[in-house]
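Morning, everyone. Please bring up the model on your screens, and we will go through it chain by chain.

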Amino acid sequence: MFKTAFQLAYKSLFRRATRTSMVVLMIALSLSGLLLLQGLYDGMVTHMINTTLRSDCGEISLYAKNYRLEQDLKYHIDDIPQLQKSLDQIKEIDTYAIRLSQQGLIATAHKSFQATLKGISLEQEKTFGQLDRFLFQGVFDFGKKDENALIGEILAKNLKVGLGSRLVFSAQDANGEINAISFRIGGILKTGNPLIDEETVLIPMKKMSNFLSLPDSATQIALRVYDPSSVKPLQKILQNRLKDLEVYRWDELYPLLIQMRQMMDLFNLISYIIVFIVAALGIFGVILVSILERMREFSVMLAIGASHTQIRLQVILEAFIMALFGYTLGSLLGWFFLIYTASIGIDLGYFEAGLQSFGLGSVLFADIHGYYFLEAFGAVVTASLLSSLWPLYLLKKIDPIRIIQGKML
Amino acid sequence: MLYSLALKNILASKGRSITTFLLSLFTTVLFIVYVAFMDGSHVQIIQNSVEIYTGYGHINVKGYEEAKDYDHLIEDAASIETLLGKESSLAYFSPRFETYALLSNKEISIGSMIGGIIPSKEKNLSRLQSALIKGTYLDDNDTNAVYLGSDLAKRLKADLGDKIALIGSSLDNATAADLFTVKGIFKTGLFEFDSNSAFVNKTYLDTLMMSQNKASYFILRFHHDKDTFKEIASLNQKLPREYEALSWKDLLSALVQAMEVDSLFGYLSISIFFLVIFFVIMIFGYVNIYTRTKQIGLLRALGFTPGAIKKLLFGEHLILIASSVLIGALIGSAVSYYFHIHPILIPGLADMYKDYGVVIDSIATDFNPLTIGWDTLAILLLNSLSIGYPIRQINKLSVTETMRYV
Amino acid sequence: MKYLFVWLISIVFVFADEADDIVKAVEKNLRGDYMYAQMRMIVTSKRGQRTVKVESWSQGDKKSFIKILYPKQDMGITFLKLDTQMWQYLPKIERIIKIPPSMMLQSWMGSDFTNDDMVKESSMSKDYDARLLLKKMPIVTIELIPKPNAAVVWGKIVTDIDISRKVPLKEVYYDDQMQEVRIMTFSDIRQAGSHILPMKMELQPLDPDKKQNRTQVFFEKVNYDNPIDPAYFTKQALKRFSN
């Protein structure tokens, strides 16, 4: 029975090829657009989260008690070697980055700005967040004698300095003495994280420890985990083991990012609903007409012994097949769009300053996830089924005899 | 004759006509309201940033934006004041004096922006007063009273009633130092601002800084915020050569661009809505025409040319579409207007965003007749186009084909 | 040929050493072990002229105490510098304030000197490599290039020195791109006890929007020869010696 209904549905769809293709095209085009949009929005948020995690906090960051609030070197993490030993024992942790930072004043002979000087290990940062990939100019290296520094792109622009320029940073050390330290710019970083790009200068950890007179210390230890789902339990474990430290998840440190993701998801959902309600209307129109046209045909089928169920099945199948065609074409098209924007990206250089305030680069890249296509499938099927409800109701009221006699509903 | 025939046809196939009509109506309303909300949220975000402190317009000495120091002050504020007093387009204006100084509470010293404001005038120009969270706002007779940003207060570990030292340099380069009592604490939600600014009555600050009759800039507000650009341009014509008038677009250019990016994505989404609606209307038009293939065949047989049939069908469609789009536009305008006047209050929204520099507790539409006009025209055009293909298809059929069409 | 080469190199070395020695000698002469001075500072800017009178006590380059004598409104303001930290006492509000790093590059008393200039132990002999450019007895021109790790903003300093009296005549400060940033000139060279020093210094910034600015310092009294009471170099001194 199913086979016959399927064949009949298939054939009747092809009899009205223009209509069918309009519906298919409608589904395909709007679906591919939605997929692209979803991928782009996701790509934007993922990018923001990624750069933040990579350039700053990881999935989890450790701070000394009170440091986050007071930003005072008094509250620093000490005895790093001991702490490293215990971190190395926790199997959920992939890598970590140890950083020592202090706020102060960065100056050239002409200008000065507030800035944050951060002591880091390049090797650690490379494995931690591929910081080297954010290199905008110069080299990802502190030089043979650790004489160079890496500087945020916007800070460099504000200071009007470039590669090789000499900078002097003054700040208070752990004893309250104001010290100054100088370095040359060896590389410029453009991460998309405003905290880094606008105010951070990176120097070797050892140099920083000497400068602040704080050996084996850190202000922040950022952790990367193997499995994102282990973040919450890991936070608990760490809190229990490291009683004198504060343990934060990235979404506690940057709650705006999570809200952004939720907003984007909500927006995608609303777009899907609106588009598919309208698309369902389109499918509905086509099915309704094809039923009205074929009332006589259906009546004959009923008269020669076909059941209502069979006819209903045929109508549903018609809607379903149309939707399936649309879905297939739309997914392919959408997949193509997504592959393109995920690899090559969309260049919006004109809006660079605007994008920067969102923490984005001027080229946007899309995300691709399998579930996009599943969600889309769900939406398409739902729309096609919904759209055949009213026509099916009409069919139920069919009175074969009157129709065959030529008296329409 | 064609017209009455078209009208009759519309009325004859009520179900489909109504569906097409409603669809087109829905599209129009959706589009207009969507754009109004999108623009509205942008207007609101910008308005917030503009109104918290920056203001709709500034007048300053050329070069002040690049170097905000004592070398780029308005030296004769009274003359600018007189000049602005004559401007009928201006609703409010006030001088501000901004300087960088050291604030010190016990052991803690922090460099901060110190703003000298005229408290009574500032009420109409910025949201400093309404951002109060503790204590009281400044008044025009205040002397040693300071109005502190909440995060700055936290950093200084200062609370209401505490005496804070201010050390800066006055215009004659002497050391200006005085004690100020914390009178009020404000929180605007802009972290940078809240952690880096303090305000003092300008009259008093002027005696300390020797900045009488001086100003960093004048902040302006016109009767109609929408006229800001026009009025700024005309002010620039009238101002003495060394001064310039700047609008919020110049002062907050990154924010403006961020909103443009957001609009870009908004239009991307709406274009998908358009696409699907275009198809649906086309499908309905197509179905509508094809179920009447026999009738059309009859008309052809009666001597109607394909051109006349095209006119007939198109006329039908146009009547339907135009009426629905127009009614849709009216409904859309009404909805936009309603939510423009009565923003949707979302409880908790402000708390949620106050920490992140967005101070919004409601969502309002932007009611702009010009935008609505363009939206309506775009929909009308698109919907009219959607019928082109079905008409061409039907006219391809020969008379006999149409007659035989089941 | 070989000998010529060796000879050339030795000349360079001798010159380098000589330049270093000259810079050290000048520093030693100007600083002394102890120094008491009364100075008048005239600051000229777009806004007009302003005179400040100060009294200062210092021991080597680590410790110094400054008291403002004039103008009246600033009278009694004291500064204490110990190593790299600086405190200020403001009699008007009776508070001692520690100058934070963020204020270090603000102007000191409205002059073209910054707080940083006052605090920094930046010593030419310690932070720079000296090279003799020109010798035209008794005046030598020396180029000072910052040592790789020296925390100084200048790209280089070129100074003219009168080696017979061990005093500088002129210092030109360059930025990183070797553009001139400011010029300091010294004149009115006189004997003051056991030392000879220029009684007048003038600092002229060269940034386009500071072109009209000048800061002149005149020494009115100088004494290198009496040790200074260590009581000056304590935080208590800020208040105690304020009036």
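First, a term: domain bounds here come from an automatic or database domain assignment. This is a predicted model, where local features need pLDDT of at least 70, side-chain atom pairs count only at pLDDT 80 or more, and totals for chains, interfaces and linings use all residues. Residues are numbered from 1 along each chain as its sequence is written, while chains are lettered from A and ligands numbered from 1 in the order in which they are written.

Start with chain B. Domain 1 covers 2-50 + 255-404, and domain 2 covers 63-241. Their C-alpha centres lie 49 Å apart.

Now chain A, and two helices. Helices (H or I, at least four residues) and strands (E, at least two) are DSSP runs, numbered from the N terminus. Take α2(A), residues 17-57, and α15(A), residues 370-387. Their axes come within 11 Å and cross at roughly 145 degrees. Those axes are lines fitted to C-alpha atoms over the stretch in contact, with angles from 0 to 180 degrees between N-to-C directions.

Which residues meet? From α2(A), A:I27, A:L31, A:L35, A:Q38 and A:G39; from α15(A), A:Y372, A:A376 and A:V380. Contact means C-beta atoms, placed from the backbone, within 7 Å.

Last, chain C. C:Y34 sits in strand β1, residues 34-45. Buried or exposed? C:Y34 counts as partly exposed, because it has 17 C-beta neighbours inside 10 Å. Buried needs 20 or more, exposed 12 or fewer, and partly exposed is in between. C:Y34 touches residues including C:Q59, C:Y224 and C:N226. C:N226 is 192 residues away in sequence, yet 6.9 Å away in space, C-alpha to C-alpha.

Terms used. Contact = placed C-beta atoms within 7 Å. Lists of a residue's contacts leave out its neighbours within four places in sequence.
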